[in-house]
Amino acid sequence: MPSYISPFDERFLKLGQAARLAAENHAGLESADIMDMLARAVFSGAFDPSPIDLFDKAAREARDAAENWLHVPIETPPAEMTPAQRKLSPKPQQYFGANRMTIASVMESLDALPGDASQWHALLHDITRPEGQEEAFAALTKMPFDHYPKAGRRYLKEIYVPRDKLRRWFTLRQIPLPPFLEEDDCARLVANLEKVRELDSLQSTRGRPQKAAWSNITKALLQLRTEKPNLPKKLLAYEAWKRAAEEFDESDLPSVATIQRKIGEILRSKGH
């Protein structure tokens, strides 16, 4: 997990900035309206990584990737500071990957949740009532953004959200994608990626014939690797898909995600 996120890191965007940019693209909405939706989404778990089988090493490594998590500023752990640094006020901070529980706990410690912090503490940390956490999150998803104290509103705006997760969130709710989420040509495919990935997996397990476009895609991948050796795999997969889409119907095309998963195998088999 990164200890600092550069504002030039295109994988991430602050929630406050996302709200402002989205509002500019939707007449009649203010950034506070978008932040209200995003804050509720944070505590609903919409941006949390999906549960996985902990014995699946590949899935575990993918889940641990920085771009799979929200990132929040948290004080540097005392064990990582010198005695002199521990006396500083304010304390040094780092960015850490966080889920909704981490965010709620940090905000509770900063008195940044609506109302009395002790009430939230009782819900979030009472081990005799494990259902208290779900009650807390259910309440937070129904909490208007303007009910948060100033410190809470500022904290939520400073959370870094992975751009891909934000794009997926807009798409799944059938909200038109604002331009800042259409920076790469893959944006328009996000709505169908999960569905197509599941379909490809199902077809594979049933032993159905390989998609007709694979020969074309393999050729395109080899050409692209020669032409653009430093092109990231995600874009390499999409460019190959795009070239094949000029000659094949969508039903004959594998998903971009499937191509990306098979890139290594294809290039190794061809000596690349």
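Reader: Where does proline 90 lie in this chain?

Author: Proline 90 sits in the loop that runs between α4 (83-86) and β3 (93-98), where helices are DSSP runs of H or I with at least four residues, strands are E runs with at least two, and both are numbered from the N terminus. This is a predicted model, in which local features need pLDDT of at least 70, side-chain atom pairs count only at pLDDT 80 or more, and totals for chains, interfaces and linings use all residues. Residues are numbered from 1 along each chain as its sequence is written, and side-chain values use heavy atoms, with hydrogens and water left out.

Reader: OK, and what kind of peptide bond joins serine 89 and proline 90?

Author: The bond between serine 89 and proline 90 is cis, with an omega of about 0°.

Reader: Which helices and strands are there overall, I mean how many of each?

Author: The protein chain has 13 helices and four strands. Of its 272 residues, 39% are buried, meaning under 20% relative accessible area with a 1.4 Å probe and protein chains only, while exposed is over 50% and partly exposed lies in between.

Reader: How many residues does the largest nonpolar core have?

Author: That core has 42 residues, and Phe43 and Leu166 have the most contacts inside it; a nonpolar core is a set of buried Ala, Val, Leu, Ile, Met, Phe, Trp, Tyr and Cys residues joined through side-chain atoms within 4.5 Å. The elements that give two or more residues to it include α1 (15-24), β2 (70-75) and α9 (163-172), and α2 gives the most, with seven residues.

Reader: What does phenylalanine 43 touch, then?

Author: Leaving aside residues up to four places away in sequence, phenylalanine 43 is in contact (heavy atoms within 4.5 Å) with Arg100, Ile103, Ala104, Met107, Phe137, Leu140, Thr141, Tyr148 and Leu156. There is also a second, separate core of 20 residues, with Leu222, Leu231, Ala237 and Trp241 among them.

Reader: Switching topic, what is phi of aspartate 111?

Author: Phi of aspartate 111 is near 55°, which is a positive value in a residue other than glycine. Aspartate 111 belongs to the loop between α5 and α6, and because its relative accessibility is 44%, aspartate 111 counts as partly exposed.

Reader: And glutamine 174, is that one buried or exposed?

Author: Glutamine 174 counts as exposed, because its relative accessibility is 73%. Its phi is near 55°, again a positive value in a residue other than glycine, and glutamine 174 is found in the loop between α9 and α10 (190-205).
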